[in-house]
Amino acid sequence: MSRPPAVLGAPAVRREAREKAAGAARYAAEHTPSGCVYGWPVPAAIPRGRVTSLGTAEVLNMPGVLAVLTHENAPRLGQPDDPTLRLLQDDRVPHRGWYVALVVADTLENARAGAGALRVGYETEEHDVRLTDGHPDVYTPEEANGGHPAVRERGDFEGAYAAADVRVDTSYRLTALHNHPMEPHAATAHWHDGRLTVRDSSQGSGPVRDALAQLFGLDRKHVTAVSEHVGGGFGSKGTPRPPVVLAAMAARHTGRPAKVALPRRQLPAVVGHRAPTLHHVRLGAGADGRITALAHEVVTQTSRVREFVEQAAVPARVMYVSPNSRTVHRVVALDVPTPSWMRAPGEASGMYALESAMDELAVATGLDPVELRLRNEPATEPDSGLPFSSRNLAACLRRGADVFGWQDRDPRPGVTREGDLLLGTGVAASTYPVLIAPSTATAHLGHDGVHRIRVNATDIGTGARTVLAQIAAEALNTPLETVNVEIGSSDLPEAPLAGGSSGTASWGWAVHKACTVLAKRLADLRGPLPPEGLTVSADTREETGREPAHARHAFGAVFCEAQVDTVTGEVAVRRMLGVFAAGRVLNARTARSQFIGGMTMGIGMALMEGSTMDERFGDYAECDLASYHVPVCADVHSVEAQWIEEDDPHLNPMGSKGIGEIGIVGTAAAVANAVHHATGARLRDLPLTPDKTLRALQEAPALSGRGH
Amino acid sequence: MKPFAYVRPGTAAEAVAAYAAHTGAQYLAGGTNLVDLMKLGVATPDVLIDVSRLPLGTVEGVPGGGLLIGAAVRNSDLAAHPAVRTRYFALSQALLSGASGQLRNAATTGGNLLQRTRCTYFQDISKPCNKRAPGTGCPAREGVHRDLAVLGHSEHCVATHPSDMAVALAAFDATVHLHSTDGDRSLAVSDFHRLPGDRPQVDTELRPGELITGVELPPVPTGARSAYRKARDRASYAFALVSVAAVLSVEDGRVRHVGLAFGGLAHRPWRARRAEELLVGGPADREAFAAAAETELAAAEPLRDNAFKVLLARNLAVAVLAGLADGDDQGEEGS
């Protein structure tokens, strides 16, 4: 039998693309069971305190209102792992926007009107929402997110730093950011015969099912969570969120199916944010640029509801030669909404600071920023001493420099002008860890010749369905068209969420295993296919549970050309190139889409995204997409992604590393470094909006425009 | 959103009569701002009088060389109109720099003038705001105000008017035509919007029930070129941090006519009369432009986080005026 053309790596089109483009793909809020009721949540209007009175009776008299759920009457919930889901259980208001009630009505309009009319009395307490590195309540947590130690010390940082030929001591500040996926969080819930079925906009219906079972005291078997299509999440749907819990409460209370779809304005308070981070970075190096001392110390915020510690100093444990190193996370609990996962949590923030500091070190040593990074390539992972399974940062830097035309760069800042514009180029490295979770899957061949793959993966717009079909087709040695993939329901074989850039590796491994076994059984088959076809189940618990003998990370290099308008302070990215080394790329089309999507989000992080804590009220000021600025097409002139194929046998049978997040990592630093090169001004506080750049230009009058 | 009644009159006279006949009425045109405000609970009309389909949808030449723009003309149509593109170039630029293609297709000339501030406190009914709820206070003064006013604000309100179009209209000395049950009258665009003072809830000089029927552009001064430039946080779909509209004609190196207006600085498009007076008859060079802009902006009283707007406005004014004086291709010769 001749082998069909390679399907793995081919730019296969997203399987649901036509459905989505035609509006036929239905999302969580677009399922309306017969008799459905609607819930509209009521956010707390104080920054801290407790609820003292609720004007429930008046609202119950309003047209169509069926129930007003509050801490006084809402179903009692079991203790969740995630305390942000402990909704309507007591009178505490831990931050502004925390839900104090859910109005349930026969229509969305009536629910919203009821919610708007509900009078809530509060006892207000003094609140504190200001993050400073000198905050008296700053503490060192036991660990940072991802199970990373909060503090790591190697060698003698202070001694080596004091003895270094060249020292950089610098601080950076990143504001809070919000994920704001195109589809706001929404859920529909339905109780029937003691069973609960929900349709939820989530990155993982397995965790949703588990949380609901825990909260409502159900056997996991009696809960089904479906996330068929998801309009983006960027981490904010990586954990179960209030809508699905509230919908289930409303449905249980009213005895009818219930739907809760959040208005975008409520998102900033209840579905997480990238925590603001304050970075202190110190680099000591020899005159040759070789780093002898590295300290990256981060202060961040969490809420009073739960501890969440953005692991922003972790990449400094991975990136460069650093015989003497200190990496520290400290945190302060404030009366703010609870921070959570946002694309490349830890890496995006941490690499902005570290890669900006590397640019400062390049300037201080007089070395080219690419060369400086090449000189600091470690032989093994600095923190663990483990060998890298593969590390092609140097190749990414070299290829990128070639393709971008880096060699022609005049290293002097502020010298390239085009009328009122100052032009500059910048580079930064990127990294993201290889994460893999255990998964199960089944593969079935029926008499219709269709190979049915079942796995509870989630496609959040990335192309998961498509790439899983490719993995199956490759393992089965069958044309892609003969593969059918069923995903997005907790009734399917158990699988982890779409998060941590781990989905394809985790689900794909199980799919690959099931298909490989199926292919072998088909090859070994004596006689016809049994009447019921052949089914193989696979579980990767054993393979994925082994302690890896290697440090496994994807790497990349981002090059950027930026222009700074000296009249207005406006910064624009003229062109950007990312070169990534992420194992084997399994679908060229969807991979490119992930890379350039991440890079575009990085432009947003660098230039315009930011959530402003309103200290008086305790909420974030930007609550809609008119005020929370994400890049629009006109901001993105040329973004190109390339990759270096790696043959890494230490990953998974497909040889892939995750690609969903690395695109954003390093991008913000590349832009900021280009702005420094353009202007000579080092701005250390993102985003680089015109107010900040204009001030910097004013302070360096030699660089300002013809307007002066 | 509060339930409301909907009325669609056929003529301007019917519209103003409908307004008089209903309490709690508001005119609805493109709805790009009003409907949002209704969803937010900021606007709570009992009756919407839809004026978007009144016979006010044409752009016509006026004897003597001006242009009469019907109040219902869509922003995208106005921006693309040949007379606007050739003679009132800054207006076309201003329109195209506003909002998004979809919004411009819906938004009207009259509605654009009447859009309300995007101050975050105004749009959030859980917070105080003197403009939305008089007497409750202005949290923006000490709060989040990077985007807000530096000129002409009061202790009661620091909001800015968000329109791009109105800034260009002010620089062109346009006039707003109004109709009411009491008859017709006109106001200069520059005088149409108010400063907040102690009544920030009132944005304009419109009388209750008065309807905008059109905007009239006078002939472009001989030899004048015009340009609009807007600084913002992203390249599209963002309100102006500061914008400038300028109409300039230069003869023998001297300023013969200048119209200059700023957006993003105040509760209304800021007509820079002092700068204009300083410039007319003087040299058309960068030094003069800078001195004039600085004189105009000397009255600025920035808040904690928006002092950059003063420098930005100055830079923009100088760049735009200098570009026009240098004959940059920013507009075609007026007739």
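Strands are DSSP runs of class E with at least two residues, numbered from the N terminus. In that sense Leu196(A) belongs to strand β12 of chain A, which covers residues 195–200. The model shown in every view below is a predicted one.

Figure 1. Leu196(A) counts as buried because its relative accessibility is 0%, and the cut-off for buried is under 20%. Apart from residues up to four places away in sequence, Leu196(A) touches Ala189(A), His190(A), Trp191(A), Leu212(A), Leu218(A), His222(A), Val223(A), Thr224(A) and Ala248(A). One of these residues, Thr224(A), is 28 residues away from Leu196(A) in sequence, while the two C-alpha atoms are 6.3 Å apart in space.

**Figure 2. Division of chain A into domains.** Domain 1 consists of residues 31–126 together with 179–270, and domain 2 of residues 128–178 together with 272–377. Domain 3 is made up of residues 390–434 and 552–708, whereas domain 4 is the segment 435–545. Between the C-alpha centres of domain 2 and domain 4 of chain A the distance is 40 Å.

**Figure 3. Interface of chain A and chain B.** Chain A contributes 31 residues to the contact, and chain B contributes 32 residues. The size of an interface is often given as the accessible area lost when the parts come together. Here the area buried between chain A and chain B is about 2,800 Å², and carbon and sulfur atoms give 55% of this area.

**Figure 4. Salt bridges and polar contacts between chain A and chain B.** Three salt bridges are found across the interface of the two chains. A salt bridge links the side chains of Asp565(A) and Arg229(B), with 2.6 Å from N to O. Ten residue pairs are in polar contact across the interface of chain A and chain B. On the side of chain A that touches chain B, helix α16 (residues 690–699) gives the most, with four residues. By class, this side of chain A has twelve nonpolar, eight polar and eleven charged residues.

Figure 5. A relative accessibility of 0% is the reason why His193(B) counts as buried. The side chains of His193(B) and His161(B) are joined by a polar contact of 3.2 Å. With neighbours within four places in sequence left aside, the residues in contact with His193(B) are Leu113(B), His161(B), Ala166(B), Asp203(B), Thr204(B), His267(B), Arg268(B) and Pro269(B).

**Figure 6. Cis peptide bond between Leu686(A) and Pro687(A).** The peptide bond that joins these two residues is cis, with an omega of about -5 degrees. Pro687(A) lies in the loop between β29 (685–686) and α16 of chain A.

**Figure 7. Positive phi values at Asn477(A) and Ser501(A).** Phi of Asn477(A) is near 55 degrees, a positive value although the residue is not glycine. This asparagine is in the loop that runs between α11 (464–476) and β22 (483–486) of chain A. Asn477(A) has 23% relative accessibility and therefore counts as partly exposed. Ser501(A), also not a glycine, has a positive phi of about 50 degrees. The place of Ser501(A) is in the loop between β22 and α12 (503–524) of chain A. Because its relative accessibility is 13%, Ser501(A) counts as buried.

Methods
Residues numbered from 1 in each chain as written. Chains lettered and ligands numbered in written order. Predicted model: local features only at pLDDT ≥ 70, side-chain atom pairs only at ≥ 80, totals over all residues. Heavy atoms only, no water. Domains from an automatic or database assignment. Contact = heavy atoms within 4.5 Å. Buried area = accessible area lost by both parts, 1.4 Å probe. Salt bridge = Lys/Arg side-chain N within 4 Å of Asp/Glu carboxyl O. Polar contact = N/O pair within 3.5 Å; in protein donor to acceptor, adjacent residues only side chain to side chain. Nonpolar A, V, L, I, M, F, W, Y, C, P; charged D, E, K, R; others polar. Buried < 20%, exposed > 50% of the residue type's maximum accessible area, 1.4 Å probe, protein only.
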